Structures are given as C-alpha cells and as structure tokens.
Amino acid sequence: MKKYSFLCIALILCGLMISCASSPEKKALKNGGKASKPPSEEYAEAKLLREKIQSHNLDQYAPEEYKNGEKEYADGEQYYTKNNSKSKKSFEEAIKLFNAVIKKGYPAYAQGLKNEVDAIKKEADENKAPVAMKQEYAEALETYEKGLREQEAGNHEKAVSLLEKAKSLFEEVRKQTLVKKQRAEQSIERSKRELQQVEKKVEAAGL
Amino acid sequence: MERKTLIIITVIMCTVLCAIAAVGQSLFDNPDYRKAKELNRKAENAYEEGDYDSAYKYAEQAREHIKKADTYATMLVQRHRANTLMQRASDRLDLARTEGVENDHPGEFSQAAADFAIAKKSYDAEQYERSIDYSNRVLNVLKGLVSSEPLPKYYKVRLIPRRRDCFWRIAEYEFIYNDPWKWKVIYEANKEKLKNPDNPHLIFPGQVFMIPSINGETREGMYDPTRTYEN
C-alpha cells in the first residue's frame, strides 16, 4: 500500500513538472525573452498619437523625430505577437518620439491656424460681417477668443481644437456675408437702373 | 383792416396751392417716384453700413414703387402726346375753316370735326390712347385738304448773329418742339455727333441734328427757312 502511495505521489509530481515545463512563460523564456502577452495598450496609444500627428500634419514641425517614431512603430507592429517584448519596447519608443513631435508641432500648428483664422476674419471684417451676420459672427469670435486664451495658457491641443472650430465658423460667416452683399448689390443696381429707365421715358417725351 | 389782410393771405395761399397742384403733375412729384428714391437712398445707406439684409429689403421695396411710378410715367407721356396731337388737330381744323374746306369738302370736314370731338371727349375721360388715335384721324382726313408741310426731320445749325443756335434755342423753334425745355431730347439723340458728347453747349454751325418725333408728328427732310411748317 505504501509502495502504491509513493508511486502515485511520484506520478503526480512528474505530471506537475511536465505541466510547468510547458507553460507560456517558460516557452517565452526559451524563445529569447518574449513577453507573455502582446503590448496592446502601448500599440493603441502609439496608434492614437500617430493619427493625431497625421491628422494635423504635425510631422512637418519635427521631421526627424517623426521619422524615427515611424520606424519604431513599424517595428512594434512587425514584432507584435511574434516577439511581444521587442514589440513593446518599440511601441514605447514610438510613443516617446510621437509625443516629442506633438510637443513641438502643436504650438506651431496652433500659431499657423491662428494666422489662417486672422486672415479669414480680416476679410469678413472688411465685408462688414459683424453687422451683416451679427449672431454668427459673435459666436465665431467667442470661439476664436477662447482658442486664444487656451493658446496663451499653453493648452495647445485645446487651442487647436477651438481655433479649428473658429476657422470653420468664420469661413461660413465670410461666405454668407458675401452672398448677402452680392444680393443687396444686385438689387440696388436693378432698382437704380429701373428708376433711370422711368426717368428716361419721361425725358424722351420732353417732359 | 385785419380782416382784409386775412382775406388777401387766404387768396394768396389758395393761388399758391392751385399752382402747386397744377404744376405738381410731373414724375418728380409722384409719390411712388419719391418713395422709390427715398428707399434707394436707404438701401445704399444700409449697404454702406453692412446691413445687407435691410439694403436688399429697401431696394426690393423701391422696385415695387418704381413699377407704379413707371405706370404713372407712361400715363404722363401718353397724356402729353394726346394733348399735343389734340392741339395740332384743333389748329388744322381752324386752318381748314379759314381755307374754306368746310364748304369745299363738307363730308371730310364734318368727319374731321366729329373725330376731333371724340378725341377731346376721350382726353377728358383720360383715355389717352383713344384720344391720340382720333386726333391722328383728324390730321389724316385733313391731309392734302389744307396747305401744310411736314415738320423737318433734320436741322442744320445756323450762324445767327443775334440768336446763336444752341440745343435750348433749337428746341424752342415752333417747327421743332416749340418748347426749349425739350432740348435734351435733341441732345440725347445727337450726342455721338458732338465733339465732346458730354458737353451739350459745344455745337457748331453746319452740324446737322436729327429731330426725333416725340408726339407721333410726321417729320421729313431738312429744315428749309423758306418753307412754312404746320405747328
């Protein structure tokens, strides 16, 4: 009986040893230090930062950092699930570089955006949009001023979002003002011409 | 004394009011014309301020008044034309009487007289188109029965030492319009012939001007000072 018990314990231990030897961690260690699970969080963050850069073309303000960041990102994708540790490291590096691009790019982009809004606003002002489109102009101006305040406070990302909105609002105000201006111009011109025709009719009769 | 002064003042005021009413029959006194002018000014001011919606609204309102002013202007022109033609028809009838047409051609004469009566009645009823039509009938019936020359279509500017020809004086001739205020009609019709089209004062002897027919009157040939024209 004792002999059987010893044999059973020995078998269980062997079974445990076999099961531990084939665990993923041990496998990963055997395959050159691969992480146990894919770096999905790092991948998602890097992806998000990359999209942010691309959507505003921020790469132009830090081309070197962006180029290296792209390389790391590509590596991260290449090793994803194949060598998760390497993939994670690459994504972490990409995040660092993309953040550097964003840090340099956003202020410059916000300034460029402000200049664009200023140009549109100037044209709208010249066409007397504050009178022609009073409410819409006030809304655009409020958004623009909020954007400027965020820019001054160093919240460039928020500033960009507000300035982009202000740009679109001012652009609409500018367009609509021109439409209204043209409509008024044409109507005044028609009215004057018709009045002249009446005057000429009487004049031609010598009256 | 005070009562006398009051009466005099009342009479003067009535005279002035009557005069205004009589003279006031021009386009420039027409309420729609004046309103249209005022609205056009408002439209321009609103436009200058950038209030384009109001500018458009005023201009469109002005156009509504212009339509009415145009109807009034058409009526003025028609009435003036009817009046002038009726006057001419009346003169031709008088001339026909003087020249014995009444006896020589009694049928034509009574027809002309009847047409003239209709022309006059239509004029009084403000049916100016009809009045013009019947005045023309009078002139057509009497054509050839009384001595006449059609009015001249062209006028050559003359060198008259004491009365220098200008558009004003040309329009004043009986055979032209018999009304100096109509000088602009001749000027507008001949603008391109002038050395400086913007200066109506600069005309020269020998220049030939076309005289537009403004009341349906027949005009032919160059003015000849030796001829007698119907007026």
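User: How does α5(A) pass α8(A), in a left-handed or a right-handed crossing?

Analyst: A crossing is left-handed if the near helix is turned anticlockwise from the far one by less than a right angle, and right-handed if clockwise. In this predicted model, α5(A) passes α8(A) in a left-handed crossing. As for reading the model, local features need pLDDT of at least 70, side-chain atom pairs count only at pLDDT 80 or more, and totals for chains, interfaces and linings use all residues. Residues are numbered from 1 along each chain as its sequence is written, chains are lettered from A in the order in which they are written, and side-chain values use heavy atoms, leaving out hydrogens and water.

User: At what angle do α5 and α8 of chain A pack?

Analyst: Helix α5 (residues 84-126) and helix α8 (residues 156-204) of chain A pack at about 20°, their axes 9 Å apart. That makes α5(A) roughly parallel to α8(A), a label for angles under 35 degrees.

User: And how do α8(A) and α3(B) cross?

Analyst: Their crossing is left-handed. The axes of α8(A) and helix α3 (residues 52-98) of chain B come within 9 Å and cross at roughly 15°.

User: How much area do chain B and chain A bury between them?

Analyst: The size of an interface is often given as the accessible area lost when the parts come together. Here the two chains bury about 2800 Å², summed over both with a 1.4 Å probe, and 60% of it is on carbon and sulfur atoms.

User: How many salt bridges are there between chain B and chain A?

Analyst: A salt bridge is a side-chain nitrogen of Lys or Arg within 4 Å of a carboxyl oxygen of Asp or Glu. The count is eight; Glu44(B) forms one with Lys192(A), the closest N and O atoms being 2.5 Å apart.

Technical notes: Axes are lines fitted to C-alpha atoms, for helices over the stretch in contact, and angles run from 0 to 180 degrees between N-to-C directions. Helices (H or I, at least four residues) and strands (E, at least two) are DSSP runs, numbered from the N terminus. Angles under 35 degrees count as roughly parallel, over 145 as roughly antiparallel, 65 to 115 as roughly perpendicular and the rest as oblique.
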